[in-house]
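Here is a friendly walk through one protein model. Keep the sequence and the 3D view open as you read, and look for each residue as it comes up.

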Amino acid sequence: MSDRLYIFDTTLRDGEQVPGCQLNTVEKIEVARALEELGVDIIEAGFPVSSPGDFNSVVEISKAVTWPTICALTRAVEKDIDAAAEALKYAKKGRIHTGIGTSPYHIYNKLNSTPEKILERAVAAVKYAKKYVEDVEFYAEDAGRSDNEYLARVVEAVIKAGATVVNIPDTTGYTLPYEFGEKIKYLVDNVRGIEKAVIATHCHNDLGMATANTIAGIMNGARQAEVTINGIGERAGNTSLEEVVMTLKSRYQVLNIDTNINTKNIYKTSRLVSNLMNMPVQPNKAIVGRNAFAHSSGIHQDGVLKNRENYEIIDPTDVGINESSIVLTARSGRAALKHRLEIMGFELNKEQLDEVYEKFLDLADKKKDIRDDDVALLVGDAEQKERRIKLDFLQVISGKSLQPMASVRIDIAGEKFDATASGNGPVDAAINAVKQIIRRQVTLEEFLIQAITKGSDDVGKVHMELDFEGVKFFGFGAHTDIITASVEAFLDAVNKIPVK
């Protein structure tokens, strides 16, 4: 029988401490609901005593979320605990998270205290919190640099005082994985009553080992992992939720540990947090980065096209990404080019493919970013293909004080249709008008504009990616009028959708 790991998400507390990433209460509720849908067990909603905004966020999140435990952070100070208890009064399941530093650095340099006084304060804080809630978590701040014997004394004392969870943070990201694993094992082996509490990890990424340390802690007995979406947090960040969860999923045969996370929601939750906090995800970020499932080497591309598992240990659909990305570069082989051409609707024989491939290599040496319209031009200009759906007329009215309006006439297999629509901008209005005519339930996934020439009379090249019933279709348009180019790109993609 497998063990159960509880996922404690602190995106809204530790993650939000990143400068410039603060959220308002409405945004925090949106993230909290996404975390609930993701399957997070505990949501650390804030530090109530720190500000009225944080206090109110904990109150409102407590009202908005149904089944996860809502946790509020405090110091080992009675007024902090009072504020946390008041903020949690609407929580269906509330937890107070209190604690104090246990390393020599914190005891002597930060708190100007002694080990015995710190132990007394720790016990007093847990007992005080216990008056308000049954579920009390204690954190031993900077446990990573704490003496194991002293740490064990503190943990034993707070469990005896009523702590249900003991959090062992590597606050400064200092430990090595084997050291952190040994620290957790020492507590399991030497703390009387340890079975009465859940051991938690809370690792920071200062040396890039937060996930490794967390996994080491789990392998040695920790059963709660404190994490953030995209690994955001103080300084270099916290342990990444997606990395821990997918490590356990990918290596289940070795670790035999389950979580409650619905992994198919990982990618969309990652994007939500990234957008709301205005904090882009680095392209090479594990699991959720733009390049996490992208392949540009010809050898890798050929291997993935033959069998995904040749170069991917995770199925991208498991985290909510539709498919792997075969990126065309000068290192790409014929297999990758052939695959891209087939997606675009081109069927070439061997001789034709060889000819196009030579042209492709020449272009790839000159241009870093090879897009589908570049490939189409190599084949012989996609515009030469007969289209069933064509743009016959387009007129747009737009201005600073005007609601953008667009009128279009579309030719569908020789029959013409007219429509008028408004939108958030001229392009949106034009596409809305086209949608009224074609009546296809398509979703615009990507919209990119690139200038081909230089100057105010630029020719604009537009790339669009549409989703229709889970299948991607790509479209391209080029025109001196960017609105016309956008509509042409949209229609180019729609033309590739099979007619039923």
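## Rings, cores and helices

Tyr 357 and Phe 360 both belong to helix 14 (residues 350–366), where they sit 3 residues apart, about one turn of the helix. Helices here are DSSP runs of H or I with at least four residues, strands are runs of E with at least two, and both are numbered from the N terminus. An α-helix has 3.6 residues a turn, so residues three or four places apart point the same way.

Before going on, a word on the model. It is a predicted one, in which local features need pLDDT of at least 70 and side-chain atom pairs count only at pLDDT 80 or more, while totals for chains, interfaces and linings use all residues. Residues are numbered from 1 along each chain as its sequence is written, and side-chain values use heavy atoms, with hydrogens and water left out.

### Aromatic rings

Rings of Phe, Tyr and Trp (its six-membered ring) pair if their centres lie within 6.5 Å; planes under 30 degrees apart count as stacked, over 60 as edge-to-face and the rest as tilted. By this rule the model has 2 aromatic pairs.

| Residue | Relative accessibility | Class |
|---|---|---|
| Tyr 128 | 15% | buried |
| Tyr 132 | 42% | partly exposed |
| Tyr 357 | 9% | buried |
| Phe 360 | 0% | buried |

Rings can also have a charge above them. A charge sits over a ring if NZ of Lys or CZ of Arg is within 6 Å of the ring centre and within 35 degrees of the ring normal. Lys 63 lies over the face of Tyr 90, 4.6 Å from the ring centre. Arg 145 places its charged end over the ring of Tyr 105, at 3.9 Å from the centre.

### Domains and cores

The domain assignment, which is automatic or from a database, lists domain 1 (3–277), domain 2 (294–383) and domain 3 (389–496). Taken over C-alpha atoms, the centres of domain 1 and domain 2 are 44 Å apart. Their contact takes 7 residues from domain 1 and 7 residues from domain 2; contact means heavy atoms within 4.5 Å.

A nonpolar core is a set of buried Ala, Val, Leu, Ile, Met, Phe, Trp, Tyr and Cys residues joined through side-chain atoms within 4.5 Å. In soluble globular proteins, nonpolar side chains tend to be buried together. The largest core here has 90 residues, and Ile 7, Phe 138, Val 155 and Ile 168 have the most contacts inside it. Helix 6 (residues 148–161) gives the largest share of this core, 9 residues. Because domain 1 and domain 2 both give residues to this core, it lies between them. Apart from it lies another core, of 31 residues, among them Ala 430, Val 434, Val 462 and Met 464.

Which residues does Phe 138 touch? Leaving out residues up to four places away in sequence, its partners include Thr 98, Ala 122, Val 154 and Val 165.

The expected span of a helix is 1.5 Å times one less than its number of residues. For the 14 residues of helix 1 that is 20 Å, and its end C-alpha atoms are 20 Å apart, which agrees. Among the buried residues of helix 1 are Ala 34, Leu 35 and Leu 38. Helix 11 (266–276) is one of the elements that cover the buried residues of helix 1. Thr 269 is found in helix 11 and is buried, with a relative accessible area of 2%. Not counting residues up to four places away in sequence, Thr 269 touches Ala 34, Leu 35, Leu 38 and Ile 229.

Helix 16 (residues 426–438) has 13 residues and should span 18 Å; its end C-alpha atoms are 19 Å apart, which agrees. The buried residues of helix 16 include Ala 430 and Val 434.

How values were computed
Buried means under 20% relative accessible area, exposed over 50%, partly exposed in between (1.4 Å probe, protein chains only).
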